[in-house]
Amino acid sequence: MIGGKVFSGGSLNVIHVYDTDTVRDSILRSEGSWSHPPLQPVTQLGQPAHVEVRAMMAVDNTKFLSADDCGVVYKWDIETSKEELKLQEHNLGVRALARIDANTFASGSIDTSILIWDLRAQRDSAGVLIGQCDAVTQMCMIDGAESLLVSAGDCTLKVWDVRMMRLLRDLDGCAPMVKLV
């Protein structure tokens, strides 16, 4: 939820935006009833295409990121529903996004790459973390550190220093197929 809006994404590369007050009112009106009319989105971001939205993340209360099966990361203005930026450096689909700070984020792909982006630059990635052996499945920042925790399709967890752009450690004892971090 961002700025009173709820987002849903999936097939056809479209993100639907719903107003939280409308969602809440709809739930309250239909309480105890199994049938209720479908909720209509306030707006949608993106144009229908035959790719899927695979990752979404808030930048702040007015900006939003999404990533798709083609390896493209989009920056959206929530108020105008307009695409502000299109970042294309991954070779395959992006599966994970992680906020590093107010202006910086990471994107992880099934091509094994992890790219670091500075939204102020609005151009090429600011760096690449090299060393993943399989598709990136999930990522998150570790609280209180400048470290990114990354899970991959080969059942590994790695901790990266995002400022120095280097691998800090591999974590042992991971269950087969880590799906969430």
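**Exercise 1.** Determine which residue's side chain is joined to that of Lys158 by a polar contact, and describe the setting of Lys158.

*Solution.* 
Step 1. The side chains of Lys158 and Asp170 are joined by a polar contact of 2.7 Å; such a contact is a pair of N or O atoms within 3.5 Å, where within protein one must be able to donate a hydrogen and the other to accept it, and residues adjacent in sequence count only if both atoms are side-chain atoms. This is a predicted model, in which local features need pLDDT of at least 70, side-chain atom pairs count only at pLDDT 80 or more, and totals for chains, interfaces and linings use all residues. Residues are numbered from 1 along each chain as its sequence is written, and side-chain values use heavy atoms, with hydrogens and water left out.

Step 2. Lys158 lies in strand β14 (residues 157-161); strands (E, at least two residues) are DSSP runs, numbered from the N terminus.

Step 3. Lys158 counts as buried because its relative accessibility is 7%, buried being under 20% relative accessible area (1.4 Å probe, protein chains only).

Step 4. Beyond neighbours within four places in sequence, the residues in contact with Lys158 include Leu148, Val150 and Asp170 (contact: heavy atoms within 4.5 Å).

Note on methods
Helices (H or I, at least four residues) and strands (E, at least two) are DSSP runs, numbered from the N terminus. Buried means under 20% relative accessible area, exposed over 50%, partly exposed in between (1.4 Å probe, protein chains only).
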